Amino acid sequence: MQLDERTVTKAILDRYHEKFIASLDLDVAIVGGGPSGLTAGYHLARQGFNVALFERKLSLGGGMWGGGMTYNFIVVQEDSRHILEEVGLAVEPYGEGYYTVDAVAATTTLASKACLAGVKVFNCMSVEDVVLREVEDVKRVTGIVINSSPVELAGLHVDPLTLGCKFLIEATGHPVEVLKTLVRKNDVRLNTPSGQIEGEQSMWAEIAEANTPLNTREVFPGVYVAGMAANATFGSYRMGPVFGGMLLSGVKVAEEIAARLKG
Ligand code: 48F
């Protein structure tokens, strides 16, 4: 065979086009490829749902690569270690109730599992807005508005494209970026005490970890919050390089959305 560069180009264009077209009507759009988004994606895609994940950066993994302050180990607790063990990671006990995991192994494994389970990953792609519709007199998010990250970073005036989804998972971490856009641009109330984003509080790992799965829920018709975004939305604390809550949140949001998609 003679290697023809034009065939390489066509192969890439065709495959990306196929993936894009297959993502026009998603069951679930996940925004953010950190640990909560990846875990949610893996648990949804393995059940056969049409799931895509949008990540602004080139690499998946969000804030998990660097462990704590670039010392690249993460800590998880007893109730979440099984999530990492199930995907084949070595989880090492450290004292009573603490477990450590290599941060790079955890990040790459969660990313790999999500991809292999069938999550359609759009890296280098930013979600800049949502699509709103009134369904039976109730406003609901029915899609996402995306743009290429280099366009966004360069501040170029290029219009975005739009994809449809039954559910959106807001997993953008500390900035809660997509939900912020929703409340800034629209006269809407969230399912939070103030109806708005409550805002993240300082470090209190124990409370924050307990709250992350509890705060993982639907905050607006069609929109679930997961991971650190869930805590920031409901006004809870940050927790630093303890990742149990992120993983439990990813599993919980997948279970809740799967039940609704099946129901
Ligand atoms: O921050 P991130 O890792 O979110 P997470 O899954 O996990 C939080 C932990 O990493 C850590 C912590 C807990 O131990 O406090 O911070 O909640 O990943 C969020 C990802 O979302 C991407 C961003 O680049 C990051 O990789 N992201 C943010 N906004 C957008 C986005 C956007 N508008 N479009 C696409 N991706």
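Reader: What radius of gyration does the protein chain have, and what would a compact globule with 263 residues have?

Author: The protein chain has 18 Å, which agrees with the value near 18 Å for a compact globule with 263 residues. The radius is taken over C-alpha atoms, and the globule rule is 2.2 Å times the number of residues to the power 0.38. Keep in mind this is a predicted model: local features need pLDDT of at least 70, side-chain atom pairs count only at pLDDT 80 or more, and totals for chains, interfaces and linings use all residues. Residues are numbered from 1 along each chain as its sequence is written, and side-chain values use heavy atoms, with hydrogens and water left out.

Reader: OK. How many helices and strands?

Author: The protein chain has nine helices and 13 strands. These are DSSP runs numbered from the N terminus, with helices being H or I of at least four residues and strands E of at least two.

Reader: What share of the residues is buried?

Author: Of the 263 residues, 49% count as buried. Buried means under 20% relative accessible area, exposed means over 50%, and partly exposed is in between (1.4 Å probe, protein chains only).

Reader: And what share of the contacts is between residues 24 or more positions apart?

Author: Among contacts with a separation of 6 or more, such pairs account for 66%. A contact here means heavy atoms within 4.5 Å.

Reader: Jumping ahead, which loop holds T172?

Author: T172 lies in the loop between β9 (161-170) and α6 (177-185). Its side chain is joined to that of E170 by a polar contact of 2.6 Å. A polar contact is a pair of N or O atoms within 3.5 Å; within protein, one must be able to donate a hydrogen and the other to accept it, and residues adjacent in sequence count only if both atoms are side-chain atoms.

Reader: What else does T172 touch?

Author: Not counting residues up to four places away in sequence, T172 touches V31, E177, V178 and A229. T172 and E55 are 117 residues apart in sequence but 8.8 Å apart in space, C-alpha to C-alpha.

Reader: Last one: what does the side chain of N231 make a polar contact with?

Author: The partner is the side chain of N215, at 2.9 Å. N231 lies in helix α8 (residues 228-233) and is buried, with a relative accessible area of 0%. Beyond four places in sequence, N231 touches residues including A208, N211, Y237 and M239.
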